[in-house]
Amino acid sequence: FNNSRKYSLLVNLTRNCLLFIASVYIFVYIVIALYRIWYPFEIEWLEGAIVDHIRRICEGKSLYTKPSLDFIPFIYTPLYFYLSALLSKIVGIGLLAPRLISFFSSLGCFALIFLIVKRETNDKLSAFLSTGLFAATFKISGKWFDIARVDSLFLMLFLVCIYMSRHKSETSILLAALFAGLSFLTKQTALFMSIAIALYYIFTHYRHFFVFTIILFLIVVGTTLIFNHLTNGWYSYYVFTLPSQHKFMYSMLIPFWKDEIFSHLPIACILSIFFFLIDNSSKNHQRLFYFLLSIGMLGSACLSRLHSGSSKNSLMPAYVIISILFGLSIHKILELSSKKIILYLICIAQFGILLYNPLSQVPTQKDLKRAKEFIIKIKKIQGDIWVPYHGYIPFLAEKKTYAHVAAIWDVLRSNTKPKVILINEIKKSLKNGDFKAIILGDSIPDIIRPYIEGYYDKKQGLWPPVKGPFEYVYTRKLDTD
């Protein structure tokens, strides 16, 4: 009896330790995010350009327009930018508005992962562990949960779609299609993930398939027609044409599965596979739904990661579905096995693999000082300057902003007529000396390198306002035409 009681106490202690660890990951992320939200400068190198998009909307200008040196939009659908612009009218134009949307969207992701697993299992423990695991992927997904980027909003909207898809009512299916459409209007990746849900309805309920597909089709096609009309076709150019012309880095295929999925989440991946091996026939097509959804979300994450120019944010859909399957599998194992302590210890090991230093994820006073010095130095330069690796920063220095190099590169690595026009515009501006100075790192695009090095001299170096390689001030040569 005493041994049994001691074992029971040990099981409870291990369980509470596991819950504590999951809670710490959620708490630590929230603390990090609340600190970073108020940081006035870039945390990630594209954040400033997001603010330039928002400023453009607030000024009443079209987001999707002919690519030029003045402005080129990113190759995303527009919902995140318009929501950020709307919030900016309340909190002011800057990084705060888009970060607030991302932060609350990430909390929405946590809540929805919990609700999805809770609804499938009626088990709060498994649901909470799923949420904690996704929170623990903050570092390995590039620390993008809370920054001014589209990913958290896109995922939150799609998680609503997942949650509603498991209900049987017509209203739920309508809402699932609506949120799938809103997710697509935030990031195109949602369209591929939505195919998995449509396939599920084909196997289970034809009527739901037609309702879901028709509503989603109307949203995607309808908004495309409207935006194309309003932008003279430039919407489709950025949202569909450019992404389709970019190369895939197939060399990333093995590193994606080996280094970015399995090496970080080995136990969660094994448990996820275990979930599909268990007889789940009594769970209302549960196994079929999550099998198709896994293909959709893991496949979309893989394709996005193979897309040239991708970053670790592409992994977030994969981490979401693995986190959900992690909770579903834990619940099933707890139902079938009496050796709970072994499962709890295995889960603790998985959380341990994801351990990271929270302090390294927040900007320091040194970062803040460098950003302020960067702005002061470019403010002192007389005339127009081009800072292609940083959006919004020139605006803070009371300078004119220009297209971000990432958006420029999206156009330059395509085979379209606007590419030729843009190249000629850039070359002409450099030759004519339209810029008194250019601030660049060593990674100058080869297509414009001869014009920069031919007409500009490399001068003093600068620490950039976001962690990254050293940058240099290139000033106009005196002996040029």
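Which exposed residues does the face of H16 turned away from its buried side carry? They are Gln 365, Lys 366, Lys 369 and Lys 380. To place them, start with the model as a whole.

This is a predicted model. The mean pLDDT of the protein chain is 92. In that chain, 98% of residues reach 70 or more. Confidence is highest in helix H5, residues 124-136, at a mean of 98. It is lowest in S3, where the mean is 84.

Now return to H16. This helix covers residues 365-380, 16 residues in total. From first C-alpha to last it reaches 23 Å, close to the 22 Å expected at 1.5 Å a residue. Its buried residues fall within an arc of 125° seen down the axis, so they line one face of the helix. Buried here are Asp 367, Leu 368, Ala 371, Phe 374, Ile 375 and Ile 378.

Next, look at the largest pocket. Its volume is about 1100 Å³. It is lined by 45 residues. Closest to its centre are Ile 75, His 307, Ser 308, Gly 309 and Arg 413. Several helices contribute to the lining. Helix H8 (189-204), helix H10 (234-245), helix H13 (286-306) and helix H18 (405-412) each supply at least two residues. H18 gives the largest share, six residues.

Technical notes
Residues are numbered from 1 along each chain as its sequence is written. This is a predicted model: local features need pLDDT of at least 70, side-chain atom pairs count only at pLDDT 80 or more; totals for chains, interfaces and linings use all residues. Side-chain values use heavy atoms; hydrogens and water are left out. Helices (H or I, at least four residues) and strands (E, at least two) are DSSP runs, numbered from the N terminus. The expected span of a helix is 1.5 Å times one less than its number of residues. Buried means under 20% relative accessible area, exposed over 50%, partly exposed in between (1.4 Å probe, protein chains only). The arc is that of the directions from the helix axis to the C-beta atoms. pLDDT is the predictor's confidence in each residue, from 0 to 100. On a 1 Å grid over the protein atoms alone, a cavity is a set of points where a 1.4 Å probe fits but cannot get out, and a pocket is an open set with protein on both sides within 12 Å along at least five of seven lines; lining residues have an atom within 4 Å of a point. Grid points are joined across faces, edges and corners, and a volume is the space filled by probe spheres set on the points.
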